[in-house]
Each structure stands twice: as structure tokens, then as C-alpha cells.
Amino acid sequence: MYSEKVMDHFMNPRNVGEIENPSGVGTVGNAKCGDIMKIYLDIEDNIIKDVKFKTFGCGAAVATSSMATELVKGKTIQEAMKVTNKAVMEALDGLPPVKVHCSVLAEQALQAALWDYAQKNGIEIEGLTPPKEDDDHHDIPEDNE
Amino acid sequence: MQKIYFDHAATTAMHPQVVEAMLPYFTENFGNPSSIYEIARKNKQALDESRDKIAKLLGADPKEIYFTSGGTESDNWAIKGIAEAYKNKGNHIITSAIEHHAVLHTCEYLESQGYEVTYLPVNEYGQVDPQDVLKAIKDTTILITIMYANNEIGTIQPIEEIGKIAREKGIVFHTDAVQAVGHIPIDVKKANVDLLSLSGHKFHGPKGVGVLYIRKGVKIKPLLHGGAQERGRRGGTENVAGIVGLAKALELALENMEENNKKMTELRDYIIKEVTSRIDHVKLNGHPTDRLPNNINFTFDFIEGESLLLLLDMKGIYASSGSACTSGSLDPSHVLLAIGLPHEKAHGSLRITLGDENTKEEADYFLEVLPSIVQRLRDMSPLYEAYKKEQNL
Amino acid sequence: MQKIYFDHAATTAMHPQVVEAMLPYFTENFGNPSSIYEIARKNKQALDESRDKIAKLLGADPKEIYFTSGGTESDNWAIKGIAEAYKNKGNHIITSAIEHHAVLHTCEYLESQGYEVTYLPVNEYGQVDPQDVLKAIKDTTILITIMYANNEIGTIQPIEEIGKIAREKGIVFHTDAVQAVGHIPIDVKKANVDLLSLSGHKFHGPKGVGVLYIRKGVKIKPLLHGGAQERGRRGGTENVAGIVGLAKALELALENMEENNKKMTELRDYIIKEVTSRIDHVKLNGHPTDRLPNNINFTFDFIEGESLLLLLDMKGIYASSGSACTSGSLDPSHVLLAIGLPHEKAHGSLRITLGDENTKEEADYFLEVLPSIVQRLRDMSPLYEAYKKEQNL
Ligand SMILES: Cc1ncc(COP(=O)(O)O)c(C=O)c1O
Ligand SMILES: Cc1ncc(COP(=O)(O)O)c(C=O)c1O
Ligand code: FES
Ligand code: FES
């Protein structure tokens, strides 16, 4: 079902944990839907020095969190903004169709953490929008035939 | 690495004797049982003998045994076939909230066709109260369909009592016994049922073949229109090999049931006792005693089911979370919701369903690896983090 | 005594390679394809590979292949599923008078549900005229279902042309290709069909497994509600072994089709020529050339089918009269009536359907015993007596 990369990131997730006094934290998802993602950022001089995550969710949720954190670690905020769900999926060699939303969750968690950082520091990040309340990320368009 | 199959409720391996019984019907006795010549007569005979055998094992008459393509077809046929046959009498159907999707989705379909369906609630153990059935009956009630034993939490329903109520009220009673047949003793007469569904692959028989028991005198419309097979009630060239296999598998299952059940019940209770003592924040779902001898269902707080399964898989342990055919879907288990679990917990269940080949050694290996897997996932879980903060841990 | 199987349209023996391909899925790779763990992934993979293979062999996309329990389910599903999905568009269905009962009885059922069905006539060879299809189309027409090749008389229909008309008019087109798949080249795209039914046991595959091809974009309602299998369109644990067997059988059939068909066509034409020259008052039913390479269907005046079959059986020759699933019923063949045969003749047909293993020697043996059997029955027949009197013989 899952690619080798997904399984690798699920079995050996990178950057699991918490950051004390983080520059920004983002929590998205909903335990009701079976998934919650929380991402912590440590930002200095526009650079993501450190990143950690915690996830309650399926194998894909864990793997996408892990990959998303890998992709932004050491990058600038602007580079981090380019880490979309598609980028995460590609880096993982793809996800099964029912699991695409898990990667959406990873993108949203990251952006929520960046938003938190921007709010706390009164700065504006280009292209960043506030996290939506109770976003229904499960609502992926079906290939309806 | 050793491999431990703990998912017998999803499906089972065919018994070697079942395969052996089927083989002659693939290449040698391959005729169409409807044909009149010699080569086909052997097939007709195998079909008749299988029907007789199954009837005897269920306490039924051979004329009450109809072959189908599995539990899903049996359920669909029973429910739609009765709904249509009795539509002049009424349009109300009573079922429970914890039925298999083959029943639930069929009922939902019938709702879209103008039928009215009552979904009875269950108690915290997943049992339907026969008094609730009685209270739900109306003048327009034409069918009661309540499963014999639940596929996720293993709870056994008070079928006899419900059947008695149905019989007294003159309402047709169907039970989805897919998880029960071959696992606990069942006699259709004693159970007071009018229709009963079963599926071969749940008791070491072949996939893609099942039975619908239809009591004599019950009117039913066909679901599969076609040839004159199955006394004109179900068209389609008979899957002779599959039918022979199902009959053999049922025979074997019942022959060894007492002994197997004793062994599995012990193993089940051992695992339940050990898991609940070795791990915190864990709950057994389903009835403590009115449950299938091979079923164990836990929820572990703060963690999600699929991740748990994947990590167990890595250790060579094959279990499941919810029913097999809904994995891949994102909905929490409707069964766990019905017994009162909150949404996030309804995502985090682990179902272990034993088979007679499972051993104490396998159970011990499972008990050894499970705690660290659960801990690992909890350490990753934001819910656990929040819980610990709350408790100042 | 030698045994000659001349009833391949009723059913076929499984090819040894098909049995071999299936065996690993009985005991070893037995998991439920919906499960996520390793042991089940092998089964899921086998399922996917079978689907890919079948799709390729039919010129379809794997997402257009849906597994069922056989030709009957495929036909029922196609017709009821389309009728329901398009009921807001209309309630009119066009079919032919010579369809298999799986189609005819389903259409009759739909008539009882308020649908209107046109049963198109056929010509003396059993062919539907595409112009008749065109003329029958109304604003309310939602489905055309015409079989690819007939099971009794072997006549092949102008499917491509009918499909073209359906496509132009924007009407869904289903074809029951149970007798055609594995016997003549079929490409769903070229045939212009939207849905196509096939059944494994007609081409040396297993009984109890079939396929419904559903073209992308065609809406259809499920017939078997349940789990999320078959992309949510057909519930039920997949019959993995059966599906693997069907895919293998189709592969083998198509691999050897050209060669086999050449051989069978020769044998077919030889038998037709010899029987009609050696016996009087005999008629070949069906089209002389647009017919399945393996189908021969005669009517012998003055005699009845079952008696003929029984006497052939005594000689070790297994043939049939009408379709297998209607033997045991007393109705004359609706197909023979539709091609214009009077009632008494519609009872007296002999169907020979060849397989690739049949030989010229077998044909010669048949040709040797047939005339005396026919004569014997005629000598017993009051119809023959009357005829002779009339002719002053
Ligand atoms: C033309 C045709 N359609 C449908 C069927 C039904 O197929 P099955 O017996 O596999 O259900 C048959 C054979 O019996 C057939 O010949
Ligand atoms: C309770 C119950 N009913 C019905 C079914 C459906 O049976 P099948 O998959 O054989 O169609 C199952 C198993 O999947 C089941 O557990
Ligand atoms: S996070 Fe919802 S299924 Fe993966
Ligand atoms: S005489 Fe025997 S079937 Fe009519």
C-alpha cells in the first residue's frame, strides 16, 4: 500500500518531539477524523533552525509529518512556504489516493506554525493565510464516475 | 521472523482437506449440474450432498439451503428479497446500529426506495435489548434483521429471544450469522430465525461462496434473476467446487468446535488479562462473556489504529482495526461509536481474532512487543502530550 | 466407453494451468485483500494484477473491470444498476427476444417495477437488425442490452453497429458476452460497448466468478451493497483465487484463440456438412457464418430433445438441448421460437458446442452413432408416423 519511503519515514520518523519555547507552533486536524498534527518551529534570522512534530494519525500522517519537517529544516521561511502537500508527496514517492489528505494536513500544520510565528513577531509572510478553523481536509474530490 | 495471523474474522486460510475435497470438481467432474448427462450428474450429486450436509449441520431441511456468492449477497438478498415480497404488508424494517455494512448499506438503500428503517441502539457491550425490538415493532414492520455476532467486537446477540418476539408477532426475522457460523453452535430452529446468512471463508472454507437459509414458507423475491437454479430463486451456474468446499469446511469446523473453542477462549482471556494489566489507558470493547471465543478488541487511548497495525505488521503480527473491508476508508468504526466511544477512540482500536492454530507462544510474543509499540506511538502523539500536561506528569 | 464432451457452452473443465495458478491463494496467500498487513498485500497484488491483465486483454482500463460471481450477477447488475441510475432520464429498455434468461428475467422483473421493455425480434438466423434498434429508441430509452453471441444457436450479433447507434443517441449499451469472451476476439472500445458481462467457467476458468466491464463515466448503482470493495461499487470479500483463475483462463484462451478457432471451425463445418447430408429432415439453426466457431445447433423433425440427449449420453456423448439452465424446465426454447420454429420443433434441438480438445475421431464417432439414434426415435414418434402417412411412404 505504502511506498518504501513512506514506510521508512513511518518506521523511523525524523524530528519527533517538542521544542521548549518554540518560535511558532501549529496544530491542525481533528481527533474526530482520526488525525492531529502538531509542528514546532525554532526560527532564527528567518532560518528554520529546528523543527519537531507530534502526530496522532495513520501511517501516512506520521510519514508526511516526518518528511515535511525534513524538507524545511535549515531552510528559510520563504523556502518553507514552497513545501506544499504535493512536494511532500513527491518526496515520499507518492501516497495512495485515500491518503492524499494526510499530506494536506502536513502542509497545513507547517503553515499554521509559520502563522503562529508571524503573529507573535508581528511580521507578514508572503502568501501565508491564517489557518482555517476545523478544516475539512478529508474532503478530497472523488474521481466520480 | 515468525508470522502470527491474528485476523481470522477478516478471513481464514482454507483447510487442506477443504482444498482436497474441491479439487475433483475443477477438472474432472466439471459438468454443469443442470445438464442431464452422466458427467454432470456427478456434479449434481455433489451439489445435493453438500446441501444435505449443510442443512443437517444447521438443523435445517435441504430445501431451505440456497447457495450464494458470499455473506454480502446473502445479506442483500435476504433484506431486499423480503422487503419486496412483503411490501404489500408494510414498509418498516428493524435492524441494529452495529450491523455489518452488507446489512447497513442495504438498509440505507431501501430507505432511498421508500422503506422506513429503525436502527436500534446497543448497550455499552454492543448488545441489542429484545425489549427494544418489541417496542420498535409497528403494524407496518415486515422484517427484523439483527446479526448473530458482531465482526468487530465479537458480541453475541440474544438471537433466540429476538426470534421468539418476531415469531409471536408474525414478522420475518433474518440474522447475519457470518461471524457466528462455524464458531459457535447454531441451530436455525432453536434460534427461531427465518433467514440466516453465512460465508465460507470465515471458517476455513473458500472465498466467494455463501449460503442463505430460507425457512420453508417464507416468501422471498430473487436478487439474481436468471436460470432455474436453486429452485428458481437464484440464477447462475453453481460454483460446485466452492459449494463442496464450504460444506466440507463447515463439517470440519463443527467437528472440532468444542475443543477449539475451549482452547481459544483460554487464549483470549489470557491476552485480555495480560494486556489490560501491562498497559495503561486500555479498554476491552464488547461483552466480557457473551462474545465469540476468538475475538478480542481493545482501544488504546491517544493512538490511532492504522499506525498500531503497521508497527505490529513489522513484527510479523497480522491484526486489524475495525472490519477489513472498511480499512482504507476514513470513517471511524460505527460499531465503536454505537457502544459509546468518542470519535478519537473509535479510530484507535485493535482487533485480534484467533484461530485454532494460534498458540500460547504466539500470544506471549505479542504481549512482549505490544507495550513498547503502544508507548512509541503515545510518545509521538499530541493527544498524549496534552494529557500528560493536564495531569502534570 | 469413450466419453466425448460436446457441451462447452454449458461449462468447461478448468485448464490445469488455471488450477495451478489458483492453488497458492487457497492456503498460502489467503489474506483479505482489504487488510493492510504483509500477508494480505500479496493477495491485493494478485487482485490488481488480474485486473490489469483482464483489462489489457479486453482493451479496457483496469479501473473499468469489476469482479462479480458470474455471468448472471454481471447481467443483473448491469441492467438493474443502469435502470436505477438513469431512472430520472427515462424508463425504457431495449433488448432482444433471444437473450439469456439472466437478461430476460431481469428485464421482466423491471417491467414489474414500472419500466417499459422492448423485446426486438430477430431474423431467421437469430440476428438483430441494427435498424430495428434505431427505430425502437424513444426519448425515454435509457439502456440497450443485446447479447454478443447466443448461447443456443451461436449467432453473433452486429454489436459494433448497434453500439455505434447507441453512442450516437447517447444511450448506455450493455452486452452479455458470456458466450463470446474467450471464443472470439473482443475489444470493448472497438465494440462500442459501455458495459460487458463475462463468466469464467465458459473458457476453462472457474465457476462462480465473472466480470462486469463498466466504461469510465457510466453511472451505475450497486447491486450488492456492503464493504468498500471494487471501488465501492460491489461489496463482498473478493474471491481472490477465482479471480486469479479467471485472469489466467482468459489469457490462455486468447493466446491460443486463433489456432483453436481454426481447428474448431473446421470440425464444426465438417459435422454440419455430414449431419445434413446423412440425415433427412434436419435443419441447422443459427447463422451459417456469423456464428461462434464452436457452436452447432440442429433440429431434427419429429423427435424431442431430451430423448435424443439421453440416447447420446448412453453412447458417451454429452451434448445439450437448449441452454443447460433451462433443462429441467418444460418450456420450448425461446430462442428457437424467436427464429421462427414452430413449437414442436423448438423442443427438438441438439446443441453441440466444441472445445479445443475435441478431435475429428470424436466427430466421426458421433456421426456414426447419430443416424441410428435419430431413426430409432423417429420410429417411435407419432409425428413421424403421421408424416409418413401423409407422404404415402
Ligand atoms: C449468454 C449467457 N449469459 C449469461 C449466462 C450466465 O452465466 P453464469 O451461469 O456464469 O451466471 C450464460 C451461461 O449460463 C450464458 O450463456
Ligand atoms: C458480519 C459480517 N457480515 C457480512 C460479511 C460479508 O461477507 P462476505 O465478505 O463473504 O461477502 C462479513 C465479512 O466480511 C461479516 O463479518
Ligand atoms: S491522517 Fe487521516 S487517514 Fe491519514
Ligand atoms: S412429456 Fe416429459 S417433459 Fe413433457
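Predicted model: local features only at pLDDT ≥ 70, side-chain atom pairs only at ≥ 80, totals over all residues.

Visitor: Okay, and which residues are closest to ligand 2?

Guide: B:Thr72, B:Asp176, B:Ser199, B:Lys202 and C:Thr237 are the closest, out of 14 residues that surround ligand 2.

Visitor: I see two chain letters there. Why is the site shared between chains?

Guide: Because the residues that surround ligand 2 come from chains B and C.

Visitor: Which element gives the largest share of that shell?

Guide: Helix H4 of chain B, residues 71-85, with three residues in the shell around ligand 2.

Visitor: Let's talk polar contacts. How far is the side chain of C:Thr237 from an oxygen atom of ligand 2?

Guide: An N or O atom in the C:Thr237 side chain is 2.5 Å from a ligand 2 oxygen. On the chain B side, B:Ser199 has a polar side-chain atom 2.6 Å from an oxygen of ligand 2. There's also B:His201, with a side-chain N or O atom 3.1 Å from a ligand oxygen.

Visitor: And how much of ligand 2 does the protein cover?

Guide: On its own, ligand 2 has 390 Å² of accessible area, and the protein covers 96% of that. The space ligand 2 takes up is the second largest cavity.

Visitor: Then what sits in the largest cavity?

Guide: Ligand 1 does.

Visitor: Where does ligand 1 lie?

Guide: Between chains B and C. There are 14 residues around ligand 1, and the ones that come nearest are B:Thr237, C:Thr72, C:Asp176, C:Ser199 and C:Lys202.

Visitor: Which helix gives the most to the ligand 1 shell?

Guide: Helix H4 of chain C, residues 71-85, which puts in three residues. Going by class, the ligand 1 shell holds two nonpolar, nine polar and three charged residues.

Visitor: What about distances to the oxygen atoms of ligand 1?

Guide: For C:Ser199, a side-chain N or O atom is 2.5 Å from an oxygen of ligand 1. C:Thr72 has a polar side-chain atom at 2.6 Å from a ligand 1 oxygen. With C:Gly71, a backbone N or O atom lies 3.1 Å from an oxygen of ligand 1.

Visitor: Switching topic: is C:Thr155 buried or exposed?

Guide: C:Thr155 is buried, since its relative accessible area is 0% and buried means under 20%.

Visitor: Where in chain C does C:Thr155 lie?

Guide: In the loop between strand S5 (141-145) and helix H7 (159-169) of chain C.

Visitor: Which backbone atoms does the C:Thr155 side chain reach?

Guide: One is the backbone oxygen of C:Tyr125, at 2.6 Å. The C:Thr155 side chain also reaches the backbone nitrogen of C:His287, at 3.2 Å.

Visitor: Last stop, chain A. How many helices and strands?

Guide: Chain A has five helices and three strands. From the N terminus on, the chain A elements go α-β-β-β-α-α-α-α.

Visitor: And how many residues of chain A count as buried, as a percentage?

Guide: Chain A has 145 residues, of which 53% count as buried.

Conventions. Residues numbered from 1 in each chain as written. Chains lettered and ligands numbered in written order. Heavy atoms only, no water. Near = heavy atom within 4 Å. Polar contact = N/O pair within 3.5 Å; in protein donor to acceptor, adjacent residues only side chain to side chain. Areas by Shrake-Rupley, 256 points an atom, 1.4 Å probe, with all protein chains shown as cover. 1 Å grid on protein atoms, 1.4 Å probe; cavity = no way out; pocket = protein on both sides within 12 Å on 5 of 7 lines; lining within 4 Å. Sits in = over half its atoms within 2 Å of the grid points. Helix = DSSP H or I, 4+ residues; strand = E, 2+ residues; numbered from the N terminus. Buried < 20%, exposed > 50% of the residue type's maximum accessible area, 1.4 Å probe, protein only. Nonpolar A, V, L, I, M, F, W, Y, C, P; charged D, E, K, R; others polar.
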